[in-house]
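Biologist: Could you walk me through how to read a ligand site and its surroundings in a model like this one?
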Amino acid sequence: MIGQDISLAKQFLINNELVAIPTETVYGLAGNAFHPDAVIKIYQVKKRPQFNPIIVHTNTIEKIFSFTESFPPILLKLAEKFWPGPLTILLPKKTTIHDLVTAGSNLVAVRIPNHELTNLLLTELEFPLAAPSANLFGSMSPTLAKHVDEQLAEQIPYILDGGQCEVGVESTIIKLNTFDKIEILRAGGISEEEIAEEVGYIPKIKKSALKPEAPGMLMSHYAPKLPFKAGDLKILLNQFKHKKLGVLSFSEEISHPSIILNKILSKSGNIKEAAKNFFTYLHELDDTGVEIILAEFVPDIDLGKAINDKLQRASAAFNYY
Ligand code: TXA
Ligand code: MG
């Protein structure tokens, strides 16, 4: 069922059922982070390996204090600057956060999202919500309620419909390293530049951090169902000219007789608009009946880093071409 009924969503969550929730980044598949029954269901529904931990969402820093051991000042400063918003912070957890949520780690990933409906829901709940992106493991993140509906409708009782996600790429994940410096574990909705401005240095991006356990497997992350290739469009168009093509371009219209559909991320070349449209357009291309989707990389600045990272991973899944 899809709707906007917060009390109904709350009731399901209290009963350890799962509810898909809108956030400013992507839709999440949410369950009670304090209850193993709910958390187990998240892994099952997503078909996600249990070594891959889940982000915990709530609506106030006070609530986070109650389930974490400490909140180092520099991380608190970033939290106060960017929350509610697309930043996820790793903090030492208390035992109320079940080990299943963190896949055995003593650090829990937390964030305060920024979406009217979900934040209202979080205000009413006495427990935080564990929520990975609401897609099957390895496939594209959902930025519309219908994307969740297509993949998970039969397995969850309710999808809270909050429209198209405004940021459109997942949160940036950060932690403090052993030298008390900020490290980025995943590029996302808060840019490296924005963090640098707050902390006074450019944080290191730990490229391998999210795929140490099963590198080959996770390279296929964010992949469309169709064959997908990212690179120089001129070369790719020539290489695949005998196929029916879907093309994702950054700001310019691309014309070629083999192109069935060309989606342009931002005609004005605005990187934020490009991020907002990224998954929505990829889903659309994936559903258009073309034979292969071709995409070009976007400028590697601001949210462009997150977009390019996803393009690269999606493309790596089809490197047999
Ligand atoms: O924007 C987002 O972050 C969305 C929305 C729903 O909040 N969530 C999301 O969750 O993207 P997910 O599960 O698709 O990606 C979360 C990533 C995973 O790659 C996971 O390995 C990492 O965060 N992660 C979660 N908890 C962690 C932890 N305790 N330590 C290290 N990495 C963690
Ligand atoms: Mg995900």
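This is a predicted model: local features need pLDDT of at least 70, side-chain atom pairs count only at pLDDT 80 or more; totals for chains, interfaces and linings use all residues.

Biologist: Which other polar side-chain atoms lie 2.7 Å from an oxygen atom of ligand 1?

Modeller: Threonine 25 has one at 2.7 Å, and histidine 57 has one at 2.7 Å as well. Taken alone, ligand 1 exposes 680 Å², and the protein buries 91% of that.

Biologist: How many residues surround ligand 1, and which strand gives the most to the shell?

Modeller: There are 22 residues around the ligand, with Thr25, Asn52, His57, Leu107 and Ser171 the closest. Strand E6 (residues 107-111) gives the most, with 4 residues. By class, the shell has 12 nonpolar, 6 polar and 4 charged residues.

Biologist: Now the salt bridges: how many does the structure hold?

Modeller: The structure holds 13. A salt bridge here needs a side-chain nitrogen of Lys or Arg within 4 Å of a carboxyl oxygen of Asp or Glu. Glutamate 198 and lysine 81 meet in one, at 3.8 Å from N to O. Glutamate 198 is in helix H8 and lysine 81 in helix H4, so this pair ties together parts 117 residues apart in sequence.

Biologist: Is glutamate 198 buried or exposed?

Modeller: Glutamate 198 counts as buried, at 18% relative accessibility, while lysine 81 is partly exposed at 48%.

Biologist: Which residues are linked in a network of salt bridges?

Modeller: Glu192, Glu193 and Lys305 are linked that way.

Technical notes. Residues are numbered from 1 along each chain as its sequence is written. Chains are lettered from A and ligands numbered from 1 in the order in which they are written. Side-chain values use heavy atoms; hydrogens and water are left out. A residue is near a molecule or strand if one of its heavy atoms lies within 4 Å of it. A polar contact is a pair of N or O atoms within 3.5 Å; within protein, one must be able to donate a hydrogen and the other to accept it, and residues adjacent in sequence count only if both atoms are side-chain atoms. Accessible areas come from the Shrake-Rupley method with a 1.4 Å probe; for residues, only the protein chains shown count as cover. Helices (H or I, at least four residues) and strands (E, at least two) are DSSP runs, numbered from the N terminus. Ala, Val, Leu, Ile, Met, Phe, Trp, Tyr, Cys and Pro count as nonpolar, Asp, Glu, Lys and Arg as charged, and the others, Gly among them, as polar. Buried means under 20% relative accessible area, exposed over 50%, partly exposed in between (1.4 Å probe, protein chains only).
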